[in-house]
Amino acid sequence: ETFQALRYYEESDTNDNDDQTQKQRLLVLQGPIAIPRNVATEQTFQQDCANVSFAIGTPVIFQGLIVTTSLNDKIGTVKEFDKETNKYAIYFQEENVVKKALGAEEQFLHILFDLPEEEEK
C-alpha cells in the first residue's frame, strides 16, 4: 500500500521508572492511496519512523551520520532499495560533482519536505 508523507511529529514519552522524557519521532501519513486517487476515503494517522520505507524518487536529507559526517544535511533522491543489505541507494548532486550513489540505512534518512534556505556566499 502507498501513503503520502505529510510531516514529521515529535511526541514526548515519559518513562515511569525514572521520570526521564524521551522524544519519539513519528511521521504523519495519509492513505492508503488508491488509483485513481480518492482523498475522501483516505485517513490521516501517525506512524513510528522505524516502520516506514521510502518510495523510489523520494527526496531525502541525511541526518545523524557518525562516520561520514560530511554527508549530514546533504540532499539526495532514493533510487532503489537493496534487500540484501537493507540499504537505500541514494543519488545526490552537488556543485561540480557528478551524481553519486550511496548505500544508506533508513535511520539516517529523513524525507525532505521543504528545501533548506541557501546560505549567502
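**A salt bridge and its surroundings**

The structure holds one salt bridge, a term used here for a side-chain nitrogen of Lys or Arg within 4 Å of a carboxyl oxygen of Asp or Glu. The model is a predicted one, in which local features need pLDDT of at least 70 and side-chain atom pairs count only at pLDDT 80 or more, while totals for chains, interfaces and linings use all residues. Residues are numbered from 1 along each chain as its sequence is written, and side-chain values use heavy atoms, with hydrogens and water left out.

The bridge joins the side chains of Glu 42 and Arg 37 (2.8 Å, N to O). Side chains of opposite charge can pair when their charged atoms come close. Glu 42 is found in the loop between β2 (21–31) and β3 (43–48); strands are DSSP runs of E with at least two residues, numbered from the N terminus. Glu 42 counts as buried because its relative accessible area is 11%, and Arg 37 counts as partly exposed at 40% (buried, under 20%; exposed, over 50%; partly exposed, in between; 1.4 Å probe, protein chains only). Leaving aside neighbours within four places in sequence, Glu 42 is in contact with Gln 30, Gly 31, Pro 32, Ile 33 and Arg 37, where contact means heavy atoms within 4.5 Å.

Turning to strand β1 (residues 4–14), this element includes Leu 6, which is partly exposed with a relative accessible area of 27%. Not counting residues up to four places away in sequence, Leu 6 touches Val 28, Leu 29, Gln 30, Thr 44 and Phe 113. Leu 6 and Phe 113 are 107 residues apart in sequence, with 8.0 Å from C-alpha to C-alpha.

Notes:
Helix = DSSP H or I, 4+ residues; strand = E, 2+ residues; numbered from the N terminus.
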